[in-house]
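Subject: Structure handover

Hello,

Here is the structure you are taking over. My notes follow below it.

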Protein chains: 2
Amino acid sequence: MLKLYYFNLRARAELIRLIFVAAGRAWNDIRIEFTKWPEYKPKMILGQCPVLELPDGTQIPQSLSIARYIAHETGLAGTDNLESAKIDAVVDTQRDMNEIFHTKVLFEKDENKKSEELEKFLANDLFKYVNQLMALKKAYSMDTNYFVGNKLSWADLYVYLSIERVIKAAPQMKTQLDNHFKDTFDVINNNQNIKKYFNERPDTPF
Amino acid sequence: MLKLYYFNLRARAELIRLIFVAAGRAWNDIRIEFTKWPEYKPKMILGQCPVLELPDGTQIPQSLSIARYIAHETGLAGTDNLESAKIDAVVDTQRDMNEIFHTKVLFEKDENKKSEELEKFLANDLFKYVNQLMALKKAYSMDTNYFVGNKLSWADLYVYLSIERVIKAAPQMKTQLDNHFKDTFDVINNNQNIKKYFNERPDTPF
């Protein structure tokens, strides 16, 4: 069975876990206690997590590389190279938003600076990227439920997890964001595998 | 024929061009003059470049998504999902280095701050990522010339272009960096298609 090494957090591993869940695949979800990290660190190919480990010991690092791999292996990465490229373009656009949101807002430790940066993000960045995501959906979707083609892909799951994090930091944005993402997010929230996983996953701070 | 829209610069499009070149594929290399950008901008799916346009008008944005797509279409993205994932992991690790180098050094406009940040990058970051790249090569390469498997991939080309940019900013690092990358870079520099392209491509500032 594939092993996924990460900490007991959602953060950089949750997308990978959600791809396994949506595809109905079992995996070994190894959640490393922080006190045990010095033991694990030298065993990880880049000294960092997440890492996916195959039965023969091969390790793949980098959360989006792992996510794309599992998506390809489970049919959540498109039906051909072009559909995979459209999915990648949605992921990279969401990643552009996340880079600003994570580095400027989420990882900022000074509380005053953090709320200033959040205001700036909401005023200047958020809807620029939401509009870009909607432009891609308009061009690539064959079914209003999905960003690309006519079935669930890892791009839908990545947007879902990313926007959920924005709403957690800025609950006042929920209604506006729901207007844009409702169809896709309803499908994800009503997926039986995902529902069950959300009910059973460990409760972690982020 | 596939159209690649970008400015008359290497920057974010050169990796895509180099994949076409290494694969021996022709493409329509549309280099937009800055004065013409207001005409082109509204025709680009996200209002930005690079964009790859297919004969039916489908547009793919995001430089790494385009690069991965062309690599898959031309056999430079690995022989199976696992090899593609290894290639992606190398690309994402190089991208981690580039994110620091580009945002802190290359895009810094204050000249004093720029040289301070360059010193910090060379002292703290550069060899951390070089060592990570070497760890991946050690695990994934079946031929010392290539990062993954036993043939050229878009990961080799991405590392080449990225390290070339570091050497341009810090020529004193050339010998040290050459020691790590020599085998791969020799293969790229001796590739006849690439040689010809380097001789003929427009001379641009970056």
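Is A:Glu117 buried or exposed? A:Glu117 is buried, at a relative accessible area of 9%. Buried means under 20% relative accessible area, exposed means over 50%, and partly exposed lies in between, with a 1.4 Å probe and protein chains only.

Some conventions before the rest. This is a predicted model, in which local features need pLDDT of at least 70 and side-chain atom pairs count only at pLDDT 80 or more, while totals for chains, interfaces and linings use all residues. Residues are numbered from 1 along each chain as its sequence is written, chains are lettered from A and ligands numbered from 1 in the order in which they are written, and side-chain values use heavy atoms, with hydrogens and water left out.

**Around A:Glu117**

A:Glu117 sits in helix H5 of chain A. Helices (H or I, at least four residues) and strands (E, at least two) are DSSP runs, numbered from the N terminus. Leaving aside residues up to four places away in sequence, A:Glu117 touches A:Lys104 and A:Val105; contact means heavy atoms within 4.5 Å. A:Ile100 is 17 residues from A:Glu117 in sequence, and their C-alpha atoms are 9.7 Å apart.

**The core**

The largest nonpolar core contains 149 residues. Such a core is a set of buried Ala, Val, Leu, Ile, Met, Phe, Trp, Tyr and Cys residues joined through side-chain atoms within 4.5 Å. The residues with the most contacts inside this core are A:Leu126, A:Trp154, A:Leu177, A:Phe181, B:Trp154 and B:Phe181. Helix H5 (residues 111–140) of chain A gives the largest share of the core, 11 residues. As a general point, nonpolar side chains in soluble globular proteins tend to be buried together.

A:Trp154 has contacts with a number of residues beyond four places away in sequence, including A:Leu15, A:Ile19, A:Leu64, A:Ala67, A:Arg68, A:Ile87 and A:Val91.

Helix H6 (residues 154–169) of chain A has 16 residues and reaches 23 Å from its first C-alpha to its last, close to the 22 Å expected at 1.5 Å a residue. The expected span is 1.5 Å times one less than the number of residues. H6(A) is mostly covered, with 12 of its 16 residues buried. Among them are A:Trp154, A:Tyr158, A:Leu161 and A:Ile167. The cover over the buried residues of H6(A) includes helix H1 (14–23), helix H3 (63–74), helix H4 (81–106), H5, helix H7 (174–190) and helix H8 (192–200) of chain A.

H3(A) has 12 residues and reaches 16 Å from first C-alpha to last, close to the 16 Å expected at 1.5 Å a residue. H3(A) is also mostly covered: 10 of its 12 residues are buried, including A:Leu64, A:Arg68, A:Tyr69 and A:Thr74. A:Gly75 follows H3(A) and has a positive phi, near 80 degrees.

**Between the chains**

In chain A, 31 residues are in contact with 31 residues of chain B. About 2700 Å² is buried between chain A and chain B, and carbon and sulfur atoms give 54% of that area. Buried area is the accessible area (1.4 Å probe) that two parts lose on being put together, summed over both. There are four salt bridges between chain A and chain B, each a side-chain nitrogen of Lys or Arg within 4 Å of a carboxyl oxygen of Asp or Glu. One of them joins A:Glu99 to B:Arg95, with the closest N and O atoms 3.2 Å apart.

**Backbone and cysteines**

Most residues other than glycine have a negative phi, and most peptide bonds are trans. The bond from A:Cys49 to A:Pro50 is cis, with omega near 5 degrees, and a cis peptide bond, with omega about 5 degrees, joins B:Cys49 and B:Pro50. A:Pro50 lies in the loop between helix H2 (37–40) and strand S3 (51–53) of chain A.

A:Cys49 is buried at 13% relative accessible area, and B:Cys49 is buried at 12%. Zero disulfides (cysteine sulfur atoms within 2.5 Å) turn up in a search of the whole structure over all chains.

A:Ala11, in the loop between strand S1 (3–7) and H1 of chain A, has a positive phi near 35 degrees. A:Ala11 is partly exposed, at 24%. B:Ala11 has a positive phi near 35 degrees and is partly exposed at 23%.

Regards
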